[in-house]
Amino acid sequence: MTQQYRITLLPGDGIGPEIMAVAVRVLKTISEKFDLSFEFQEALIGGAAIDATGEPLPAATLETCKKSDAVLLAAIGGYKWDTLPRHLRPETGLLGLRSGLHLFANLRPATISPQLIDASTLKREIVEGVDIMVVRELTGGIYFGQPRGIFTTETGEKRGVNTMAYTESEIDRIGRVAFETAQKRSKRLCSVDKANVLEVSQLWRDRMTALAIEYPDVELSHLYVDNAAMQLVRAPKQFDTIVTSNLFGDILSDAAAMLTGSIGMLPSASLGASAPGVYEPVHGSAPDIAGQDKANPLAQVLSAAMMLRYSFNQPDAATHIEQAVLKVLDQGYRTGDIMSEGNTLVGCQAIGDALVAAL
Ligand code: IPM
Ligand code: MG
């Protein structure tokens with residue numbers, strides 16, 4: 001019997017719609033090949049939602065997402081909405097989606113494909129063979145901690161406040177995802193914190209250390225976040241799986257992404273205990289190149305592959321997409337962000353054509 005899946009598409013802003021169109025073409029092609037049936041439902045988020053409804057995450061969008069088997073998101077944000085008050089900004093919509101679906105675990109793989117080694121700003125011998133998985137906590141920490149706000153002190157001065165806080169159970173559940181992820185990889189887990197300064201990080205470190213007893217096959221190490229940032233660009237191959245809090249994970253995952261040549265190549269999965277997962281590229285909406293057919297759709301396509309693997313348990317279809325991506329790179333097709341000498345510069349749609357042909 002044909003497996004049926006309901007997918008909510010959130011194209012969002014900037015290059016979002018163009019790269020989403022390529023991912024949908026790829027999914028339609030793969031569905032025929034693997035006898036899967038996808039029902040696509042498009043919904044509004046980010047700036048597009050603000051323009052249409054006045055809010056970055058309309059209630060209808062969250063409802064549609066909750067009723068689907070998985071959510072494929074492109075990117076949100078742009079200059080046009082940058083000056084709006086915080087509760088009306090596109091980013092607030094994305095954060096609302098993450099917390100509304102309880103997606104506490106964000107998996108961000110940074111793998112370098114041999115074809116792109118020369119696109120990296122780092123030396124070949126440093127990045128060749130890099131294969132890192134960043135497990136970022138996504139619904140807690142300083143992104144959501146209370147109190148927060150800009151308050152006025154007794155002397156009439158303004159004071160900005162955010163709170164970095166984690167409970168034991170919040171640390172344990174992301175810790176378990178990380179240990180289990182490391183078990184499926186090369187069984188090395190590095191927990192990143194700032195325990196030399198922050199109490200919240202001390203608790204994080206204590207819980208990770210306690211959890212390690214339950215996973216004797218995983219080798220746990222700890223690094224302070226400043227050192228981790230340095231080690232990522234100095235000797236990235238020492239890392240396998242990294243687990244860290246929301247803010248540190250935001251920063252380190254961008255750094256890890258650049259090891260691979262371009263942030264335009266990296267997918268991510270945001271998962272919770274039960275709600276549908278959200279799959280999105282690590283990169284943003286790139287408003288500077290939006291609508292010009294210049295965007296790299298590969299991170300979006302690889303996010304669709306992650307969706308097939310993690311939410312639909314269709315590893316063969318996922319692998320097939322990942323191999324098509326490699327084939328297109330082998331053929332020398334490149335968007336501007338990953339262009340290097342001897343290759344062919346093409347646009348977003350042409351990459352889509354090549355992918356469909358490769359599938
Ligand atoms: C990310 C982004 C978001 C974040 C922004 C757009 C809110 O940078 O997904 O990494 O900070 O989490
Ligand atoms: Mg980020």
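**View 1. Helix H11 (residues 315-330) packs against helix H12 (residues 348-358).** This is a predicted model, where local features need pLDDT of at least 70 and side-chain atom pairs count only at pLDDT 80 or more, while totals for chains, interfaces and linings use all residues. Residues are numbered from 1 along each chain as its sequence is written, chains are lettered from A and ligands numbered from 1 in the order in which they are written, and side-chain values use heavy atoms, with hydrogens and water left out. The axes of H11 and H12 sit 9 Å apart, at an angle of about 120°. (Helices, H or I of at least four residues, and strands, E of at least two, are DSSP runs numbered from the N terminus; axes are lines fitted to C-alpha atoms, for helices over the stretch in contact, with angles from 0 to 180 degrees between N-to-C directions.) H11 and H12 are therefore oblique to each other; under 35 degrees counts as roughly parallel, over 145 as roughly antiparallel, 65 to 115 as roughly perpendicular, and the rest as oblique. The crossing of H11 past H12 is right-handed, a label used when the near helix is turned clockwise from the far one by less than a right angle (left-handed if anticlockwise). On the H11 side, look for Ala324, Val325, Lys327 and Val328, which meet Ile351, Ala354, Leu355 and Ala358 of H12; contact means heavy atoms within 4.5 Å. Sorted by class, this contact of H11 with H12 has 7 nonpolar residues, no polar ones and 1 charged one. (Ala, Val, Leu, Ile, Met, Phe, Trp, Tyr, Cys and Pro count as nonpolar, Asp, Glu, Lys and Arg as charged, and the others, Gly among them, as polar.)

**View 2. H12 also packs against H1, with the two axes coming within 9 Å.** Here the crossing angle is roughly 10°, so H1 and H12 are roughly parallel to each other. H1 brings Glu18, Ile19, Val22, Arg25, Val26 and Thr29 to the contact, and H12 brings Cys348, Gln349, Gly352, Asp353, Leu355 and Val356. The class tally for H1 with H12 is 6 nonpolar, 3 polar and 3 charged residues.

**View 3. Leu355 is among the residues with the most contacts inside the largest nonpolar core.** (A nonpolar core is a set of buried Ala, Val, Leu, Ile, Met, Phe, Trp, Tyr and Cys residues joined through side-chain atoms within 4.5 Å; buried means under 20% relative accessible area, exposed over 50% and partly exposed in between, with a 1.4 Å probe and protein chains only.) Not counting residues up to four places away in sequence, Leu355 touches Val22, Val26, Leu298, Val301, Ala324, Val325 and Val328. There's also a second, separate core of 14 residues, with Leu57, Cys65, Ile76 and Leu101 among them.

**View 4. Helix H6 (residues 168-184) and helix H7 (residues 199-212) pack with their axes 9 Å apart.** Their angle is about 50°, which makes H6 oblique to H7. H6 passes H7 in a right-handed crossing. From H6, the contact draws on Glu168, Ile171, Asp172, Ile174, Gly175, Arg176 and Phe179; from H7, on Leu203, Trp204, Arg207, Met208, Leu211 and Ala212. By class, that gives 8 nonpolar, 1 polar and 4 charged residues.

**View 5. Gln146 and Pro147 are joined by a cis peptide bond.** Omega is about 0° at this bond. Pro147 belongs to the loop between strand E5 (131-137) and strand E6 (149-152).

**View 6. Asp35 and Asn313 have positive phi values without being glycines.** Asp35, with phi near 55°, lies in the loop between helix H1 (16-34) and strand E2 (36-42). Its relative accessible area is 45%, so Asp35 is partly exposed. Asn313, with phi of about 50°, is in the loop between helix H10 (298-310) and H11. At 62% relative accessible area, Asn313 is exposed.

**View 7. Helix H4 (residues 90-100) has a set of buried residues.** They are Pro90, Gly93, Leu94, Gly96, Leu97, Arg98 and Gly100. Thr92, also in H4, is partly exposed at 28% relative accessible area. Setting aside neighbours within four places in sequence, Thr92 is in contact with Pro56, Arg86 and His87. After H4 comes His102, whose phi is positive, near 55°.

**View 8. Ala305 sits in helix H10.** Ala305 is buried, with a relative accessible area of 0%. Leaving out neighbours within four places in sequence, Ala305 is in contact with Ala318, Ile321 and Glu322.
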